[in-house]
Every structure is written in structure tokens, then in C-alpha cells.
Amino acid sequence: MDPASGDGRTALVTGANRGLGLETCVQLRGLGFRVILTSRRKDEGIAAARGIDPSGTTVLHHPLDITKAESIANLAADLPALASRVDVLVNNAGIGSWSSDPEKDRRTIATNYHGSRDVTDAVLPFLPEGGRIVMVSSGLGELSTLGPGPRARFSDPALTRPALEALVAEYLADLDAGDPKRSGWPSSYSVSKVALNALTKILARELAPRAVSVNAVCPGWVRTDMGGRSAPRSVPVGGRSIVLAATLPGGATGGFYRDGKRISW
Ligand SMILES: NC(=O)c1ccc[n+]([C@@H]2O[C@H](COP(=O)([O-])OP(=O)(O)OC[C@H]3O[C@@H](n4cnc5c(N)ncnc54)[C@H](OP(=O)(O)O)[C@@H]3O)[C@@H](O)[C@H]2O)c1
């Protein structure tokens, strides 16, 4: 089956009431996917879904706050009634934090890393052979943002899930101790996306026997609420980068992409 043609297959997108998530839904639907548009704010999500598909047949809405275990469990419980399977999962929901507010930093990790991880684990049973997972990451998640200590550990090709969890916990402990920069940590946003990239590689390895591909994508710097008005890229161009990663030809897995081209992590 042509991966670039939806052909009635189902895609689920998180954080899709606005910005890149919404645009990803528009473009995936344009390719023929049935889309489950999820959002933590129900009314906004329903309005966004109806804005794309007034009939509600090709774009469905389901509430999902990726930081809330109950919300994730509700989605998983309702999924069988929405679709027989999820062919493509796009973990797009995210927040940015470049301040020096430890509470915001913790929320950034809880959303961008733990939230995307937990949604993936909950949706995994619905992914068929040939299914695809896309982690919306960022150029700010490149290994070069880390100091030499954390960099060597994150880039270890044999990194396991428990070791990754320990690394993220170490960052949170350094945050609690008050001086994460001293231990070589960049912004919480960068840490969250580095960890997401590391999880991408681990999941790609774990899911290879099921022929489920897992890739990370950078949409570029885009004019959304997060990216701001001076970003050079339009939302459709950034969304296209995500959609290209969701429809890569062949069984490409474990990579980091921008505009359909592999970039270095
Ligand atoms: N824009 C850029 O330049 C850029 C560059 C690189 C990577 N990215 C990544 O691209 C993704 C989308 O960003 P964007 O630019 O479209 O940002 P955005 O316009 O701020 O949209 C973020 C989306 O994530 C949702 N979200 C936040 N926390 C959530 C939660 N706990 N549960 C469910 N949804 C949640 C927001 O929902 P609410 O409306 O409820 O807040 C919103 O729909 C993010 O992962 C971001 O890190 C963006």
C-alpha cells in the first residue's frame, strides 16, 4: 500500500485543536486518512474537527489531555468504537518553556516527554503491522544542546528505557536542587525533546519485530502560538514536514527527519 495515500486508514493526532496538530489533521485528511483529532479542550477540538469536516465522518474528535492518566485511559477505552485500528499516531501536543521557572520546566517534561510516552504506550495495542508512530520533536532536541556528560549517555546506542527514565529523573532532581545548567542540562524544552528522540530510537528497536516504525520529526521554526510571528515557516510548510515523516516510504524507522530528509540527532 502506498504510504503517502491514506486510503481510508486512520491517523490519531494529539494537541490538534490549533497550530501544527490541526494542520497535520488537515493534510492527512487530504491524503485520504480518517483522522481522530484529539484535544484537551473539548469544545475547541470539536470546533476544529467540524471546521475541517462538517459532516463528522472523516474527522472525529476525542478529548485527550496527554498529562492525565485518566484522560489517556478514556481514549484507549473508547478507541475500538472510533476505529478498528490506529495506523498512524502523531504525538504532536507540546508546550515550550524557555523561562527559569522550575514549575514550568517540570510541566514541560511532563507534557512533551512523559505525556507523549504514555499516549504511545496506551495506543500501541491498536497499531497494526506496518503502523507508524511520529514524535514531533525539534531541532532544539539535538544532542549538541547537551553538555558532554548527559550527551554521552543519551547517545548510547544501547540506551534502554529504564536508563532513559533514570536520565530524565536525574534532570528533574537537578532541577529540584536548583542548578541544572551546572550538570550540563540545557532548557527543559531541549531536555524534553532530546528524551523524546531517545525514546524514538528505543521504541523503533522494540517495535521492529511488529513492523511498526517510529520516527521523530522537526517541523522547523513555524509561525504558531508557540513559534511566534517572526518564525520563518508557515504552518502548512511545518505541517508538511510532519506529514512527510508520517508517510515515509519503506520501513524507515528510528530516524529524525525534517521535510522528509533524515537529519542528524
Ligand atoms: N512552532 C514551532 O516553531 C515548533 C518548532 C519545533 C517543534 N515544534 C513542536 O510542534 C508541536 C506543536 O507545536 P505548535 O507550534 O503547533 O504549538 P501550539 O500552537 O502552541 O500548539 C500546541 C498544541 O499542544 C496542545 N497541548 C499542550 N499541552 C497539552 C496537553 N497536556 N494535552 C493535550 N494537548 C496539549 C495545545 O492545546 P491547548 O490549546 O489546550 O493548549 C495545542 O493544541 C509541539 O510538540 C512543539 O514542541 C514546534
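Trainee: How do you know that the reach of helix H1 is close to the span expected at 1.5 Å a residue?

Mentor: In this predicted model, H1 covers residues 19–30, and its twelve residues reach 17 Å from the first C-alpha to the last. The expected span is 16 Å, to which the value of 17 Å is close.

Trainee: What makes H1 largely enclosed by the rest of the structure?

Mentor: A residue is called buried if 20 or more other C-beta atoms lie within 10 Å of its own. Nine of the twelve residues of H1 are buried, so the helix is largely enclosed. Among them are Gly19, Leu20, Glu23 and Cys25.

Trainee: Which helix gives the most to the shell around the ligand?

Mentor: H1 does, with three residues. Helix H4, residues 102–123, also supplies at least two, as H1 does. Of the 31 residues around the ligand, those that come nearest are Gly15, Gly19, Gly94, Thr224 and Gly227. The shell divides into twelve nonpolar, 14 polar and five charged residues.

Trainee: How do you know that the span of H4 agrees with its number of residues?

Mentor: The 22 residues of H4 should span 32 Å at 1.5 Å a residue, and the end C-alpha atoms are 30 Å apart; therefore the two values agree. H4 also bends, by about 35 degrees, at His114.

Trainee: Why is Ala211 called partly exposed?

Mentor: Buried requires 20 or more other C-beta atoms within 10 Å, and exposed requires 12 or fewer. Ala211 has 13, so it is partly exposed. Ala211 lies in the loop between helix H7 (188–207) and strand S6 (213–217). Its phi is near 55 degrees, a positive value in a residue other than glycine.

Trainee: How do you know that the radius of gyration of the protein agrees with that of a compact globule?

Mentor: With 265 residues, a compact globule would have a radius of gyration near 18 Å, and the protein has 17 Å, so the two agree. Buried residues make up 47% of the 265. The secondary structure comes to eight helices and eight strands.

Note on methods
Residues numbered from 1 in each chain as written. Predicted model: local features only at pLDDT ≥ 70, side-chain atom pairs only at ≥ 80, totals over all residues. Helix = DSSP H or I, 4+ residues; strand = E, 2+ residues; numbered from the N terminus. Expected span 1.5 Å × (residues − 1). Near = placed C-beta within 6 Å. Nonpolar A, V, L, I, M, F, W, Y, C, P; charged D, E, K, R; others polar. Rg over C-alpha atoms; globule rule 2.2 N^0.38 Å. Bend = angle between axes of the 7 residues up to and from the residue.
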